[in-house]
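Trainee: Hi, I have a model open and would like to go through it with you. Could you help me read it?
Mentor: Happy to, let's take it piece by piece.

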Amino acid sequence: MSGIRVLVGTRKGAFLLTSDGKRKEWKVEGPHFGGLEIYHLKGSTVDPNRIYASQASDWFGQVVHRSDDGGKSWQTVGNEFKYDGEPGKHLWYDGTPHPWEFKRVWHFEPSLTDPDTVYAGVEDAALFRSADGGATWQELSGMRGHSSGAQWAPGAGGMCLHTILLDPNNNGRMFVAISAAGVFRTDDAGKSWRPNNRGLKSDFMPDPTAEVGHCVHHIAMHPSRPTTLFMQKHWDVMRSDDGGESWREVSGNLPSDFGFVIDVHAHEPETIYVVPIKSDSEHYPPEAKLRVYRSRSGGNEWEALTKGLPQGDCYVNVLRDAMSVDALDPCGVYFGTTGGQVYASADAGERWAPIVRDLPAVLSVEVQTLP
Amino acid sequence: MIRIILPYHLRNLAGVEKEVSLPIEGPVTQRSLLDALEARYPMLRGTIRDHTTQERRPLLRYFACGEDLSFEAADAPLPDEVASGREPFRIVGAVAGG
């Protein structure tokens, strides 16, 4: 029978939650790297025992851990993320030039074909690649070196490259998202990039429809339809059906179109999930009710999924990398909160139950469906 | 042998006890001591000094013999008590955060 492994990064360590294919009984292991911020963990789809973990700390900087046995043991691998050439400057919060400075890895994205190849999205925004299992890292500097780079500015969480999507049908194509610059796409494996933000509108910007500067919180793709993308922006839920060339709003009847996560059902490319958050000033659910919203039409028409979720006095947030789906049927959906709960639904969102309630604030949730 | 006391998380990362001892050839300075420490425990590279600048990370300080040596030159000789191993060189993390 298949198994599920949920990789949870938190403010105070990493946790591994495991279950069989029934997804009823869970084992909680951890903390790994106790007391330290684990921004993200992700496993290789080629070799599920290969997991990369990003540990970042104001005291000790960036550390990268790698497991080759499904998280039972870990080794430290390379942590030198050196910008290619002269780092240059971007805009600071006050609009003045500010030097590019490496701070942390926000997201690892293992290659779809090689367990030793992995991409890292970092703050200050840049994309790195390792082809030796994380021992060494090289910047794909065409990303940061885009002509608009000097105009990028940080969002409240820092100027982070937080999402990396690999096109399963096209080795050369990938998408990245940066707060607050927007979506960029390469069609030549990272050598050159161009903004993919047409149709986005951000009222906080001097030019609300500018080519760059949008605070994109997360983007998602179903592997069977890599030209269709879904986006949770700072405000607005968006979709693109032309590989990011243009976007249209699909917020529809959501109670708030502010939020961080967005994900796609494993078997239904038009079924998507978001967790609305009240506003950019109040990072908790509208009406203090924790509700996942599901659209089965790729947006615009949304239904609230509430069974098993707190429907009062709930003031947690769900951060941008803290939702994931498994590949079983029915599809399992998982998300973690800043209150330390990790919720799971084994029936595509109809009913929810906490796997664990009292972890440190959850930063990221990734799911592995094991053979 | 030079004695070095590491903060808790770096001890865990290196897989060592509170205090480590290392031989150092030549002058004993912050640079030679940290070079020897990182050579013996490569997982500590980048965690005490920035990879590129080799500057001390801002939330760490160096102490020995009751003195704050954080702002001493990297190539200045450390006190004889440290060089002889009578006193440890302490790498201390700021007491801060939640």
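Trainee: How many residues of chain A are in contact with chain B?
Mentor: Twelve residues of chain A touch 13 residues of chain B, where contact means that C-beta atoms, placed from the backbone, lie within 7 Å. On the chain A side, the largest share comes from β6(A), with three residues. By class that side holds four nonpolar, five polar and three charged residues. Here Ala, Val, Leu, Ile, Met, Phe, Trp, Tyr, Cys and Pro count as nonpolar, Asp, Glu, Lys and Arg as charged, and the others, Gly among them, as polar.

Trainee: What kind of model is this, and how is it numbered?
Mentor: This is a predicted model, in which local features need pLDDT of at least 70, side-chain atom pairs count only at pLDDT 80 or more, and totals for chains, interfaces and linings use all residues. Residues are numbered from 1 along each chain as its sequence is written, while chains are lettered from A and ligands numbered from 1 in the order in which they are written.

Trainee: And what ipTM does the predictor give the complex?
Mentor: The ipTM is 0.93, and the pTM is 0.96. Chain B averages a pLDDT of 95, with 98% of its residues at 70 or above; pLDDT is the predictor's confidence in each residue, from 0 to 100.

Trainee: Back to β6(A). Which sheet is that strand in?
Mentor: An open, antiparallel sheet of four strands, ordered β4-β5-β6-β7 in chain A. Its edges are β4 (37-43) and β7 (75-77), each pairing on one side only. Strands here are DSSP runs (E, at least two residues; helices are H or I, at least four), numbered from the N terminus, and two strands pair if DSSP finds at least two bridges between them.

Trainee: How many bridges pair β5 with β6 in chain A?
Mentor: Seven, linking residues 51-57 of β5 with residues 61-67 of β6 in the antiparallel sense. A:Ser57 is opposite A:Gly61 there.

Trainee: Which strand is joined to β20(A) by two bridges?
Mentor: That is β21 (residues 248-249) of chain A, running antiparallel to β20(A); A:Met238 stands opposite A:Glu249.

Trainee: Last one: how do the elements of chain B run?
Mentor: From the N terminus, β-α-β-α-β-β-α-β, making three helices and five strands. Buried residues are 23% of the 98 in chain B.

Key: Buried ≥ 20, exposed ≤ 12 C-beta atoms within 10 Å, placed from the backbone. Contact = placed C-beta atoms within 7 Å.
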